[in-house]
Amino acid sequence: YVQEMPRTKTFLNLWLMTIVLSSVPYGLSTTFFYTLGNGGPLVALWDWIIMSFIYVCVATSLGEIASKYPVSGGVYYWSYMLAPPKLAPLMSWIVGWLAVVGNITVTLAVNFATTQLILSSVILFYPDYVPLPWHTVLACWATILLLGVIAILGQRYLPYVDMFTIAWIVAAVLATVITLPIKAALGRRSAAEVFTEFMDMGAGWPVGMQWVLGLIQGAYCFSATGMLPAMSEEAKSPETTIPRAISGLLGFMFLLPIMFTLGDLATILASPTGQPLPEIYLEATGSNSAAFGLFFLILVIGLSCGLACSQATSRCVWAFARDGGLPGQKWLSKTSKRAEMPLNGFILQSVIQCALACIYFGSTAAFNAFLGVSVLCLGGSCFVPILLSFCGGRKQIMGTKFYKGKIGFAANVVAIMWFILAIPILSFPTILPVTEVNMNYAAVVFVGFALISVIWYVIRGRSHYRGPPDGHTGL
């Protein structure tokens, strides 16, 4: 590969970007309906602990491979290098499309949830306001446009934005930890109630399945783990910088005060925007102003997270197009020296986000679809290279600077078992009985993109796509 973008990002820059990509307080805040609606505080806390362990294993597994192949192609490049030669182009093609679709939809899920939070803040002061679908879609478009302008005009200043966001995340967690236990307007739940009492909120699923569905909250928060390698070609010493940066955990401290001061679950889950957070803060503090103050901290994190996700997504689109995996290769593989970024790739992913947001006109469960398909695709794209490495006896990653030996082997086993479980459950609806309104359309969106991928492979990929270059010397 020819070095096309400045190699300016240090380990600190990428580590900060990882935390911003995950934005755990924000990710948890926008997915409470998965756990509170499927078991309550018990499921929220214990499933978070389980997912934290699982994604340490996933990050370790990916880190070993990233240390061997530190290129922006990330998972699809790794799949090409690790697969048997005859299957390498096809494996690379499949994983490349999974990665692109996953990156775009997870960025949309972040921006869409931020939009819902913005509209939720209006309800704090105007309880009679009911956001209509077109309000949500237009606000989502405005959010995507705003972040696009910031990214294009302020590319060189984004590392400072990440540093600011880290401080903001710490402030949000501390504000929640201090304020909620002190105010506790509706009282405090006992430790036994929080850690041992299962609350059936009428989801319709058996208890065991509700536990499993609750894992989606943590899976979404950590789904950005595999996005960071897209920044490899802008990193200094990527062989060590990338794998060290894709580890980072936060959340239990944020969850505890919320679960102990949680108000009436039925009221919280009935939020007209589909986002419980404002109601959680309002019931815990008893004050609109205090609730908005805490809520505003999370809202800013959401905007920063959307900005970071769009950065990683544009690099993923650019890298796969550069290797001939996407239509419009010549246009998408260009980078802008003035903007110091793959500008065309950034524009494309923004346009696709705006188009997909229109699904909300037909289903209020659109956010579930965006979230489900993003974790489905990103999980699948991470699963393939880990499985290929494991089935190959981990021989190709031996001797790398991040090789973990027996610990890495155990991490591979846990990661593979998780993805085998996770990929099917992400298509399940969270509530029974299923209607056209609460249906999880993740599988529909996934199949739609799969058809585009297959059609393009038949038209061009089968005869022209040979995969990425075999070497990455000079990166």
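**Notebook: helix packing and buried residues**

I looked up helix α7 (residues 133-153) and helix α17 (residues 343-357), which pack at an angle of about 170° with axes 9 Å apart. The pair is therefore roughly antiparallel, a label for angles over 145 degrees. Axes are lines fitted to C-alpha atoms over the stretch in contact, and angles run from 0 to 180 degrees between N-to-C directions. Helices are DSSP runs (H or I, at least four residues), numbered from the N terminus.

The model is predicted: local features need pLDDT of at least 70 and side-chain atom pairs pLDDT 80 or more, while totals for chains, interfaces and linings use all residues. Residues are numbered from 1 along each chain as its sequence is written, and side-chain values use heavy atoms, without hydrogens and water.

I then listed the contacts (heavy atoms within 4.5 Å). Residues of α7 including Trp-141 and Ile-144 meet residues of α17, among them Phe-346 and Cys-354. By class, this contact has 11 nonpolar, 3 polar and no charged residues. Ala, Val, Leu, Ile, Met, Phe, Trp, Tyr, Cys and Pro count as nonpolar, Asp, Glu, Lys and Arg as charged, and the others, Gly among them, as polar.

Next I checked helix α19 (residues 405-425): its 21 residues should span 30 Å at 1.5 Å a residue, and the end C-alpha atoms are 31 Å apart, which agrees. The expected span is 1.5 Å times one less than the number of residues. Its buried residues include Trp-418 and Phe-419, where buried means under 20% relative accessible area (1.4 Å probe, protein chains only). Their cover includes α4 (41-68), α10 (207-222) and α18 (366-391).

Lastly, I found Ile-166 in helix α8 (residues 158-183). Ile-166 is buried, at 15% relative accessible area.

Technical notes
Helices (H or I, at least four residues) and strands (E, at least two) are DSSP runs, numbered from the N terminus. Buried means under 20% relative accessible area, exposed over 50%, partly exposed in between (1.4 Å probe, protein chains only). Angles under 35 degrees count as roughly parallel, over 145 as roughly antiparallel, 65 to 115 as roughly perpendicular and the rest as oblique.
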